[in-house]
Every structure is written in structure tokens, then in C-alpha cells.
Amino acid sequence: MSEFVSILQNALRFRASDCANYFSESHDSALRLFNGFLEGCPGLVVELYGSTLVLFINDPADEIAGGFIPEMVDYYRVNLPWLKSGILKNRSTGKNQLIFGSDPDKKIRENGIWYAIDLFQHQDSTFYLDTRFLRYWVKDNLAGKSVLNTFAYTCSLGAAAFCGGASKVLNTDLDQYFLNLGMRTFRINGWQVNSSDFLAGDFFKTAAGLKRKGSLFDCIILDPPLFSVTKNGRFDLNYDYYKLINKIRPLVAHGGVILAVNNAIFVSGKDHMRWLQDLCADGFLEIGDIIPVPPDITGLVSYYGTLPADPYPFNHSTKMIVLKVLRKDKRTSNQ
């Protein structure tokens, strides 16, 4: 066994022990098996989706990751014998390649919920593993609440809210394809699909339209991409995340919450907290619980020294926090 594959072995042993709760005996769960950026090989991420192995190669110059693909595949197929297929995603070329097997998984299960996935679409998996504990929080805390899921992507957070008994979930995203995948998630769980609850449109235009209608929600989920430009607005999470919070604050009911996610790796945890505290200075916004990233994402050893910015007091560059909202007019949800 090469030294490189021994690194993968140590990482897999860690997942099998410390992350055992996320390994499903029915082999339908999703898990990160190796986070190269934090575990010794920055160009490689390995994830498991049911019976499908997915290798992400991030850097074409990373000869370590690229040169050991056959050995990696052999190692995982021996140690995860239920694997039926494998996909290589090269983020530098944009190519997705089936490297063994056939018929990759089209759904996975997490915390009792089925989620539709499309492992060949885009350069990710259409399902973000780092927000697992946020989905847990949403399912456990929003019963009877109205929810606006902005930048919904494939609506996994909206599905968790619906499963947890939310009274209303409105999922919004610029791309109808991803909303369609969200609707498939609802269907495979046997839930009724109302197309009006899946709204395709630009964030700025959608937020402005909801404000004009006087819409108020008990919870707004704000998990935007790193960068976006449309004819209605632009933002960069390294600088503009706090403007997005102010954009949605008028839509949050008295006593409601914003679930704020900022995954900008160049924004330190301390800077993020300081900017949030500045937003709280008016007394109508309060910092609540920090939601951690699960251990299979942070990895066996967290090389914080190699990160562009220290995420502390968060445990990862994906910084998730609950913000409690008060209103001067004390208006409550009308959804």
C-alpha cells in the first residue's frame, strides 16, 4: 500500500468510528470519506452517496491525487464492498466521468428523509454534506413555523423544514432545474408538491416582491453561493454577506430567526462574528447558537494553519449561526 492510500485508510477508520452514526446499514446514506484540504491532500475530496463513490479532483496539477486514482478506487471497493459505481469529477475541466459500474444513486437518505440527487449535474453532488447539522436543526425546531428558503438550490433545507412540520415552506432559487430536483425530493418522500412553493427567480427581485406584498416568515434560511451577478444585483460573500442579511430582515416576523450560512474561506470566524455583532447593535438582532459542521467534513486532523482564514469560533469555514430577530412593529408571521 502506498503512503498516500495509507492516508485514506486512516481517514476511513476515523469515519468508521467517530462518524459511525452517519454510516447506514442499508447503505443509502451520504458521507465525506476524505477532506484532502484538511487531511493532507488539498486537491482531493472523496464522498459516498449510497452505493456510489465520488472523487473530486480540484487541482489538475496535483499529481498525488490524480496519479493514484486506480489505487484509490481499488482501496475503497475492497473496504466498502457495497459500492456499485464510481464517478470522477474534475473541477478544473468541468468533466464528470463514470469510472466503474453503472447507474449511480439518484437518492440518499439522511435523518429519516430521502433526498433526490443528480451526481452528474454540475461540479458538485447537488447535496451539501457540510450543512447536515443545519438540516437537523431545521427539522427539530420549525414545527408550525413559516419558512423562506432563499438560494434554495435543491431544497434540502426546505425538505427538512417540511418534514419537521413547518406550516409553510417557500423555496426560491435562480435555477429552475435545481428546484425541480427539490420537487422530486418531495415526491419520493410521498409529500404533496405545490409548484407555487418552488419559486424560480433572482434573489433581489424575489425579496423585493415579497416585501411589497408585506410577507413575513418565522424563519429565513440564507445560504448563498460565494459570488453572484444578475441584472438585479451582485454580491461577494467576502464583502457583501451582511448586506444580504439586511435585505431579508424586513421579511422576518417578530421573534423569528435567520439561519445564516457564510462559506467564504477567506472570511475568518472572528471577523464574521464581529460584523454580525455590528448588525446587532440596533437591538433588533441577536446572535444565537452556532451550528457546527459534522466531523466527517472537518476530518481526522484539522490543519487550521493551512486555511486562508481561521474559522474559530466556528469549527469550519462553513460558518452557520442562528440570528434572532425582533421588530419595532412586533408584527408576526402572516404565512
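User: How many of the residues in the protein chain are buried, and what makes a residue count as buried?
Analyst: Buried residues make up 55% of the 335 residues in this predicted model. A residue is called buried when its relative accessible area is under 20%. The accessible surface of the protein chain comes to about 14,500 Å², and 51% of that surface belongs to carbon and sulfur atoms.

User: What makes the chain as compact as a globular protein of its length?
Analyst: The chain has 11 helices and 16 strands. Its radius of gyration is 20 Å, and the globule rule gives 20 Å for 335 residues. The two values are close, so the chain is as compact as a globular protein of that length. Along the principal axes, the C-alpha atoms fill a box of roughly 65 × 45 × 40 Å. Of the contacts with a separation of 6 or more, 66% are between residues 24 or more positions apart.

User: Why are strands S1 and S5 said to stand at the edges?
Analyst: The five strands of this open sheet follow the order S1-S2-S3-S4-S5, with mixed pairing. Strand S1 (30–35) and strand S5 (95–101) each have a single partner strand, so one side of each is left without a neighbour in the sheet. From one strand to the next, the twist averages 20°.

User: How do you know that strands S2 and S3 pair?
Analyst: Pairing needs at least two bridges between two strands. Strand S2 (residues 44–49) and strand S3 (residues 52–57) are joined by six bridges, so they pair. The two strands run antiparallel, and Val-45 stands opposite Phe-56 in S3. Helix H4 (residues 69–79) packs on this sheet and touches S1, S2, S3, strand S4 (85–90) and S5. The direction of H4 makes about 150° with that of S3.

User: Which strands stand at the edges of the sheet of seven strands, and why?
Analyst: That open sheet has the order S10-S9-S8-S11-S14-S16-S15 and mixed pairing. Strand S10 (198–200) and strand S15 (285–291) are at the edges because each has a single partner strand, which leaves one side of each without a neighbour in the sheet. The twist here averages 20° from one strand to the next. Within the sheet, strand S8 (residues 146–150) and strand S11 (residues 217–222) pair in the parallel sense over four bridges. Asn-149 stands opposite Ile-221 in S11.

User: Which helices lie across strands of that sheet, and at what angles?
Analyst: Helix H6 (residues 156–163) lies across S8, strand S9 (168–173) and S11, and runs at about 175° to S9. Helix H10 (residues 269–279) lies across strand S14 (252–262), S15 and strand S16 (319–325), and runs at about 10° to S16.

User: Why is H8 called roughly parallel to H9?
Analyst: Helix H8 (residues 203–212) and helix H9 (residues 241–248) pack at an angle of about 25°, with axes 10 Å apart. Angles under 35 degrees count as roughly parallel, so H8 is roughly parallel to H9. The contact is made by Phe-203, Phe-204 and Ala-207 of H8 with Leu-244, Lys-247 and Ile-248 of H9.

User: How do you know that S12 and S13 pair, and what do they form?
Analyst: Strand S12 (residues 227–230) and strand S13 (residues 233–236) share four bridges in the antiparallel sense. At least two bridges are needed, so the strands pair. Gly-233 in S13 is the bridge partner of Thr-230. S12 and S13 form a hairpin, with two residues between them.

Definitions and conventions
Residues are numbered from 1 along each chain as its sequence is written. This is a predicted model: local features need pLDDT of at least 70, side-chain atom pairs count only at pLDDT 80 or more; totals for chains, interfaces and linings use all residues. Side-chain values use heavy atoms; hydrogens and water are left out. Axes are lines fitted to C-alpha atoms, for helices over the stretch in contact, and angles run from 0 to 180 degrees between N-to-C directions. Contact means heavy atoms within 4.5 Å. The radius of gyration is taken over C-alpha atoms; the globule rule is 2.2 Å times the number of residues to the power 0.38. Buried means under 20% relative accessible area, exposed over 50%, partly exposed in between (1.4 Å probe, protein chains only). Accessible areas come from the Shrake-Rupley method with a 1.4 Å probe; for residues, only the protein chains shown count as cover. Angles under 35 degrees count as roughly parallel, over 145 as roughly antiparallel, 65 to 115 as roughly perpendicular and the rest as oblique.
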